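Here is a briefing on one protein model. Please look over the sequence and the structure first, then read the points below.

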Amino acid sequence: MSKRGICRQFQATGHCKFGTKCKFLHSDNDNRPPEPPNPLRDWRLNLPRPGAQPRSIDLAKFFQIGLELVQSDYATMQDVVLGLASHGGLVRVTEVLEKHPKVNMLSRGKYLQEELAPFFSMITHPNVKNSPLLEKPLVDIYNVIYGPQGVRAAGVFLFTTNALRSDTHSKATFRTCFETLFDALTQVVLRNGSPNINTQLVPAAECFVDKAIELGLDLQDASMDSVRKLADKLNRVLNMGKQIASTDQQTDKVKTSKARFVQNQEPPGGRHDNDHSNIENIKVLPTFGEISSKQPEYLPLHSQDRDDLTSFEALVDRHFRLIREDTVGQLRDAIRASLQPQHGVQGHLGKGGPRVDTYDGVSLVDVAFLRGSGIELFVRINQPFHMKEAAKRKDRWERSKRLQKEALVCLTNVGEAHIFCVVSAQGRPTQAQVGNHLSTENPAQIARLQNYSSWNLYTRLDGAYLSLKPVSTSADDLLVLLTSSNWSADTKLVEFPGVLLPSFEPTLLGLQSMLKTHDTPFMDIITAQREDQVRLSVPAYARAAGFSFDLSCITRSGKQLTISPRKDFDPTQLTDQSTLDETQAEALVHCLRSSLALIQGPPGTGKSFTGIALIKVLLAAKKKASLGLIICVCYTNHALDQLLEHLHDHSVKQIVRVGSRSKSEVLENVNLRKLAREAVQSPAEKRVKWQINQAFDDDVKQASTLLDKLHKAHYTRFVEEHLQNNNMAHYRELFENEAPEEGWHQVRDKKSDPRMKWVNKGPATHQGIEPRSVEELQTVKLNTMTRAERRALRESWISEIRQTVLDHVLTVSDSFHKNEIGYEKVRGEIDLRCLQDADVVGLTTSGLARNLSILRSLRAKVLVCEEAGEVLEAHVLTALLPSLEHAILIGDHQQLRPQVQNYDLSRESTRGAKYSLDVSLFERLVHDPSQTQPKVAYRTLETQRRMHPSISRLVRSTLYPALKDSSSVSAYPEVVGMKHRLFWLDHRNLENGVDKDHAGDTSHFNTFEVEMVTSLVSHLVRQAAYRPGEIAVLTPYLAQFFKLRNACSKIMQVAIGERDVDDAARQGYELEEDQVKSISSTTKKDTLHQALRIATVDNFQGEEAKAVVVSLVRSNIDNRVGFLKTPNRINVLLSRAQHGMYIVGNTETASSVDDFHVAMPAGPSATPACSMILFVALNLVLDLSRDVTTLVRRCVAIHVFRNAE
């Protein structure tokens, strides 16, 4: 057995009574080496215990060692700060802060540098400030610093400003102390509210800002940029009106008087209970008053400013209100419509509106309190599917995609409230205990309900059952839900298929938080007006003297090449020494020299390839520029997977993929959730998690007991307990009467209730006495009451018991919610440690919004956003983290715009142009359609490597006159089995109209084109020359997509993209599971061995195929083309094919759009871009069956496609 430590008795006296049996060392010559030093343990010994008299210590040494420990490793840092926030730690903090009045003039420099500066350095260390786990401990520390009414903080910081003004400090010492103290002061101010309660701190803050202004010349150093940001925060919070000159002014403001017509519009505020002038006060989900209101919402116009807001505030305000109207507004209108009489179970809210499913017969069956989610409601609705066999009902539920887990629903008319919930389970949660029901007091029904643990959406014909979790944890909403009398025949369940709360709530909350912090970068550029001159500055991290980017990581054979951001550089040097073409090299150089850089990439020009080269160059500068990780954002999961896979292929190994919808096997092991599960937890994290888990167990146990009591409120033991605590006179009459009077029956059985026998006794009335109120009955003897009075009193007791229990349940629920937040902070701490070790972190735009709190803690300096032309400006704004110094947006504003749900908010709509919500930030900076924003310098890639020249000319002649073809595309082979690369099958078969059952009366289909396309792709696939995904069928309409999928899947395997699956489910299309395959599927069906990709045009941007077949759908006598009139959409449609493209459509209808003319003959002498034949399909003169007619059509179609000139 090894010995530990030195024996104190032997050390003091030279001998020990235990001799050789002693467990401790008796000499320095003992075999056991001395115990290694433990500085954390020694530091903790200086923390006074609660109730003990603090001993005097060397505070300078205490805080200096503490700072060293904070800077050592992450786990030690957590323990030190937790210790500093303990009782003993706060004692030491108070001691050092209250020491300054006793410090003389000669010693104040030493006190500042050796005690105050180390202490403030501990709590402003980046890892400490950004730690989710340490958020609450830091609040406790800053509360001590602030002191009563800010007096302690004011005294400390005034002392520090006087000390800093001393001439005895060297420049290096001053720089070391100044930023730390300035940061600490800013944190104190920001954490303690408005200027009204910070009046004590204003003098100290002004002194610091004055000193920063005085040092304006020194602030040219990039390392002092943080001081400028801190000063801006103090100015904003304290309204001091001081300003520090920027090191590189990005916009020159030109005072110009402009004529402007202002549309008359009522300002925000006062329309209903959720209409406020300040968006920070607006609840994300619609309130009862908002749903009931008949007034139109305030929606700011694209080019309209509010006089009461700054340009930045107006920008955020506009996007918040428009995004909310696009998402929440449609939910509000759907609920409003569902409340109208005879609203159908399923339908759409007007033209283009969201699909809505409404369920009647809603009742509350049970309430449970689960460890993983808190309060959950077990609810019954009428069964919409009436098949007798449960298996058939199950199949129908699964295909309908209704009421899936995490689906957003609303319970309407619960009392006088409409309450949002999410579906937590399609049945009864397995963890819940059966028997906590609220809907009945019938003992027989209670016994029957014991069997409903297996009930779900499909097991019972008499109703469908599911579990709901309330979105709001407010006491008012939970009280409404838990009060069974609020549930009535008018209560309905309204579902919004495909709408998930995380898809929009994080973005809206992020926009609200931007107004609180005012720390969004690049606002000078983003909010510039048309008359402003915009100059793009060099990224702050690249302004250091002698800084340069090393380009050898992308040159051939690693040849040395560097670029200084502030010096001229010839991009041809990079072109000659790398695989980048001329415009790609120019774009890369432009990005390295611009803090906000934009690259336009027409189809096939290598946007991703250029982006990867940029990321590699930035990573090469990571250590030199202290960049931290690079955040890569894409609009779609597919594009994000592709980008990260390419980075991995280019030897970028430290990648973390955030989000659960990745389909990439390559990225499986770098998913954040997997990394976090495998991460080693620190002692502090384990300790906090254990404490929270214990609190969870206590909450669940207490809540379960309360919920059991809630429905058993009429039981004798609960009535007895209630009366004993509230009315002793009535308690004695019921429970302490030794000789019960006539009509009384005293029983101690748990379930038997003596009131039931008592309430039915007594006279019907008292002659000459009016019925008394419950309040009057509190002092009346029980045996003198009438039968009606007894019943009223009984009901009041039960009601009071239930109300008391409900109050306790709400208290437990609040405790549970706070513990949930604490648990999420621990998870966030682990996630943060995983991300800090990464070189590249990849997220989708929606994933970024959901993880804003963690990303803000990473202090990343570089953001790369791909598909920026498809991303809503609001999503990019929330992605502009305060720490960013360099943002690179890569996209193409001439391809698809961002998708919006409400067509009346889009620029394509006549009514929506004034809002232009679908104009991306990329488009607004490059070419603002409203001409209110100055153009920002950008670079365009010009060499395409996707399309054969005969295909690329279709977009070159309309949108990209400078587009060049790479030499490689001319060598593309012909499409196997076809005579022409480009062919247009012209027809005059009218469209079938709209699919009214699914897509809100806006999605069209054409059965003739379905037959023609199916025939052609069958022919192409049978050539056995193409791999899965190399043949694609595109159509602009979801209804046509669905019919093409159904037709093609009967004879071949069909692959469908993730976004098309989501869109189809959202509009109510029932997808067979065996027909929904990933894009990479190679499953065989019959004799056709290759999977066919079918997609809508909007969901195929960024992708390509060797052979593309297009169904235009629209064919009508009015020549209406619908949303194919948009040049952006036509651009995408015509630029997906590599080897060949085949269009089926009515040229007369399509000719109403100029952008289609390039693909048609322009006149008798013109050479058509596509070979074309007019094919008017008839049912033939013969009286043929439909099947034979279809067969003949297909044979003729194949012959036409293969041989027609």
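**Lead**

Helices α5 and α8 run roughly parallel to each other, a label used for angles under 35 degrees, with over 145 counted as roughly antiparallel, 65 to 115 as roughly perpendicular and the rest as oblique. The model is predicted, so local features need pLDDT of at least 70 and side-chain atom pairs count only at pLDDT 80 or more, while totals for chains, interfaces and linings use all residues. Residues are numbered from 1 along each chain as its sequence is written, and side-chain values use heavy atoms, with hydrogens and water left out.

**Overall picture**

- The protein has 42 helices and 28 strands. These are DSSP runs, numbered from the N terminus: helices are H or I with at least four residues, strands are E with at least two.
- Of its 1205 residues, 54% count as buried. Buried means under 20% relative accessible area, exposed means over 50%, and partly exposed lies in between (1.4 Å probe, protein chains only).
- The accessible surface is about 53700 Å², and 49% of that belongs to carbon and sulfur atoms. Areas come from the Shrake-Rupley method with a 1.4 Å probe; for residues, only the protein chains shown count as cover.
- Take the contacts between residues at least 6 apart in sequence: 73% of them join residues at least 24 apart. A contact means heavy atoms within 4.5 Å.

**Helix α5 and its two partners**

- Two packed helices are described by the angle between their axes and the distance between the axes. Axes are lines fitted to C-alpha atoms, for helices over the stretch in contact, and angles run from 0 to 180 degrees between N-to-C directions.
- α5 and α8 (residues 135–146) pack at about 30°, with axes 10 Å apart. The crossing is right-handed. A crossing is right-handed if the near helix is turned clockwise from the far one by less than a right angle, and left-handed if anticlockwise.
- From α5, Leu 90, Val 93, Thr 94 and Leu 97 make this contact; from α8, Asp 140, Ile 141, Val 144 and Ile 145 do. By class, that is six nonpolar residues, one polar and one charged. Ala, Val, Leu, Ile, Met, Phe, Trp, Tyr, Cys and Pro count as nonpolar, Asp, Glu, Lys and Arg as charged, and the others, Gly among them, as polar.
- α3 (residues 59–70) packs on α5 (residues 87–97) at an angle of about 120°, with axes 11 Å apart. That angle makes α3 oblique to α5.
- α3 and α5 cross in a left-handed way.
- Leu 59, Phe 62 and Phe 63 of α3 meet Arg 92, Val 93, Glu 95 and Val 96 of α5. The classes here are five nonpolar, no polar and two charged.

**Helices α21 and α22**

- α21 (residues 582–592) and α22 (residues 607–620) pack at about 40°, with axes 10 Å apart. That makes α21 oblique to α22.
- Their crossing is right-handed. α21 brings Gln 584, Leu 588, Cys 591 and Leu 592; α22 brings Phe 609, Thr 610, Ala 613, Leu 614, Val 617 and Leu 618.
- This contact has eight nonpolar residues, two polar and no charged.

**The cover over α39**

- In α39 (residues 1058–1066), the buried residues are Arg 1059, Asp 1060, Val 1061, Asp 1063, Ala 1064 and Ala 1065.
- Their cover includes β3 (355–359), α38 (1038–1049), β24 (1054–1056) and β25 (1092–1096).

- Glu 867 is not a glycine, yet its phi is positive, about 55°. Glu 867 sits in the loop between β17 (862–865) and α34 (873–879). Glu 867 counts as buried, at 15% relative accessibility.
- Ala 1024 also has a positive phi of about 55° without being a glycine. Its loop lies between α37 (1007–1021) and β23 (1031–1035). Ala 1024 is exposed, with a relative accessible area of 60%.

- His 875 belongs to α34 and is buried, at 15% relative accessible area.
- His 875 touches Thr 507 and Thr 845, leaving aside residues up to four places away in sequence.
- His 875 and Ile 323 are 552 residues apart in sequence but 9.9 Å apart in space, C-alpha to C-alpha.
- Lys 392 lies in α15 (residues 390–400) and is partly exposed, at 48% relative accessibility.
- Lys 392 and Tyr 458 are 66 residues apart in sequence and 8.6 Å apart in space, C-alpha to C-alpha.
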